[in-house]
Amino acid sequence: MFERHAGGENAVLVHIDFPDAQNKEDKDEFIDLAISAGLQIKEIVGGSRQTPHPRYFIGSGKAEEIAQHVKDKEADVVLFNHRLSPAQERNLERLVECRVIDRTGLILDIFAQRAQTHEGKLQVELAQLNHLSTRLIRGWTHLERQKGGIGLRGPGETQLETDRRLLRERIKTIRKRLEKVEKQREQSRRSRKRGNLPTVALVGYTNAGKSTLFNRITESTVYAADQLFATLDPTHRNIELVPGQQAILSDTVGFIRHLPHDLVAAFKATLQESRQADILLHVIDASDERKDDNIEQVYDVLEAIGARDIKTVEVYNKIDAMEEVVSKVEPGIDDEPDRVWVSAKTGEGMELLCQTISHQLDIQWQQLCLRIVPRDLGLRSELHDLNVIESENVENDGSFKLQIRISQADWRRLVRKTEGHIEKCVLEEDRED
């Protein structure tokens, strides 16, 4: 269903400037997306509007102009740097007489090309099917469509109903498989926790250099390229930050502005890696003029997946592409090292980065003394699963007195999970931060 054209397709790109942030997109990023998808850009059509047109998204005159460009350039596809409704896509396709794909469809296509693992392919297919479910009618416009009613159903409507049923069944099957994958991921995370190794996750805007940084720190050969969404499937490696201190480093999928909701939902298991980390390394392309907007977009996604409260170290990468910028560490609001300037390409600043991560991990752990009463043995089980219990004694009243060493990220997750109940178990007089 989702096989792509064998060669490079000729494309006409459409970018419209809107005054409001909801419809505003970046033209240069759109061009990078098209190139990353392997398209041959034949024409870029620009314009400006106050609001989208309900029929064509753009005005009828601009739509006619695009149709002429398609004919002149022999284009195979028209790409919009905006999200189109199914009706707008159908109306435009009738006018330009070729495929019309919106920004969401383009991103989904790139994801389909990049997915390597079985899980990644399932996640992409789920997102594609959710996107396609509202656009099925497009594939059957060549069939006769009659009004509904006994004896009046045309072949187009019958085929459409069949497709929708098959689509629902396939979506249900994929979701079941992904639930199984999510359970397996949770078991893997628990195994890593039992090893008592902290987890550091790389996050950031797409093409910020996360995989290159990952390869530099871990001495691995994970695929890295100067293209958007080069990495889809998360990768884990053990690293030694400083002598005697180890951690697990995770490379994750990159973010992008207005990341399609279908993708966020489909990649729930993958994005979970960021939520479960002890520290996030937010990799930023320091040489990118759009870096401030990109930083804001990354934090928006972290907020959406529930990872915004995890300690984050900002890593300003690609200083080799800047003049008179050297590796350095800068303090944040609390005077702790929160920003590190590095070059993953040349290796400059790697030692400073590892020292900063090590320091942050040290201060992210706390010693606590808890009293768990018999009715709360589920909390004791949770702490055993996390492998954070250093000593345990049974009191005369049957309660358990536990000495634990736990990361602040894990503690915050437990507080949320128990709706604050576990905080009542802390013996304040024995508390040591």
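Student: Which strands does helix 1 (residues 27-36) lie across?
Tutor: Helix 1 lies across strand 1, strand 2 and strand 3, and runs at about 160° to strand 1. Angles go from 0 to 180 degrees between N-to-C directions of lines fitted to C-alpha atoms, for helices over the stretch in contact. Helices (H or I, at least four residues) and strands (E, at least two) are DSSP runs numbered from the N terminus. This is a predicted model, where local features need pLDDT of at least 70, side-chain atom pairs count only at pLDDT 80 or more, and totals for chains, interfaces and linings use all residues. Residues are numbered from 1 along each chain as its sequence is written, and side-chain values use heavy atoms, without hydrogens and water.

Student: What does helix 2 touch?
Tutor: Helix 2 (residues 60-73) packs on the sheet and touches strand 1, strand 2 and strand 3 (contact: heavy atoms within 4.5 Å). The direction of helix 2 makes about 165° with that of strand 2.

Student: What order do the four strands of that open sheet have?
Tutor: The order is 2-1-3-4, with parallel pairing (at least two DSSP bridges between two strands). Strand 2 (40-48) and strand 4 (99-101) are the edge strands, each pairing on one side only.

Student: How many bridges join strand 1 to strand 3?
Tutor: Four. Val 14 stands opposite Phe 80 in strand 3.

Student: What follows helix 12?
Tutor: Asn 387, with a positive phi near 60°.
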